[in-house]
Amino acid sequence: MYIYNVTVNIDDSVHEEFLIWMKKHIPDVLATGKFTEARFSQVLVDEENGGTTYSVQYTAKSRADLDAYYAEDAPRLRAEGMKKFADKMLGFRTELKIIEDFKA
């Protein structure tokens, strides 16, 4: 399995609007059928430049699902966020390949 991690720092001036939007955006990403679940978290760090940082981790069953998301859905879904928040949002994306899960 793979995790597609999106980390975003959002400006305080649009923080509440961003949280509302994310509650719609995450289900839209899941509706593509490329991911099985998502986890939305606040990154607990004091930002020098202000704002609040969040991470969304989407789980994909395969590399093919992740690649299909990039090809078929990512440009449209990324553009929605950029159009809405423009210079009030700074983000980066990382991919993780799950080697093994451990449970307590």
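Is tyrosine 69 buried, partly exposed or exposed? At 3% relative accessibility, tyrosine 69 counts as buried, where buried means under 20% relative accessible area, exposed over 50% and partly exposed in between (1.4 Å probe, protein chains only). Here are some notes to go with the model.

1. Ground rules. This is a predicted model, in which local features need pLDDT of at least 70 and side-chain atom pairs count only at pLDDT 80 or more, while totals for chains, interfaces and linings use all residues. Numbering starts from 1 along each chain as its sequence is written, and side-chain values use heavy atoms, with hydrogens and water left out.

2. Four strands form an open sheet in the order 2-3-1-4, with antiparallel pairing; strands are DSSP runs (E, at least two residues), as are helices (H or I, at least four), numbered from the N terminus. Two strands pair if DSSP finds at least two bridges between them. Strand 2 (37-42) and strand 4 stand at the edges with a single partner strand each, so one side of each has no neighbour in the sheet. Strand 1 and strand 4 run antiparallel and are joined by nine bridges; valine 8, for one, has glycine 91 in strand 4 as its bridge partner.

3. Helices on the sheet. Helix 1 packs on the sheet and touches strand 1, strand 2, strand 3 and strand 4, its direction making about 5° with that of strand 3. Helix 3 lies across strand 1 and strand 4, at about 155° to strand 4. Contact means heavy atoms within 4.5 Å; axes are lines fitted to C-alpha atoms, for helices over the stretch in contact, and angles run from 0 to 180 degrees between N-to-C directions.

4. The core. The largest nonpolar core has 22 residues, and Tyr4, Ile10, Phe18, Phe35, Tyr58, Tyr69 and Phe85 touch the most other members. Such a core is a set of buried Ala, Val, Leu, Ile, Met, Phe, Trp, Tyr and Cys residues joined through side-chain atoms within 4.5 Å. Leaving aside neighbours within four places in sequence, tyrosine 58 is in contact with residues including Tyr4, Ile26, Phe35 and Ala38. Isoleucine 26, in helix 1, is buried with a relative accessible area of 12%.

5. Aromatic pairs. There are twelve aromatic pairs in the structure; rings of Phe, Tyr and Trp (its six-membered ring) pair if their centres lie within 6.5 Å, with planes under 30 degrees apart counted as stacked, over 60 as edge-to-face and the rest as tilted. Tryptophan 21 and phenylalanine 85 form an edge-to-face pair, 5.4 Å centre to centre with 70° between the planes. Tryptophan 21 lies in helix 1 and phenylalanine 85 in helix 3, so the pair ties together parts that are 64 residues apart in sequence. Tyrosine 69 and tyrosine 70 make a tilted pair at 6.2 Å and 55°, and tyrosine 70 is partly exposed at 25% relative accessibility. Ring pairs also link Tyr4, Phe35, Tyr58, Tyr69 and Tyr70 into a cluster.

6. A buried lysine. Lysine 34, in the loop between helix 1 and strand 2, is buried with a relative accessible area of 11%. Its side chain makes a polar contact with the side chain of glutamate 72 at 3.0 Å (a pair of N or O atoms within 3.5 Å; within protein, one must be able to donate a hydrogen and the other to accept it, and residues adjacent in sequence count only if both atoms are side-chain atoms).
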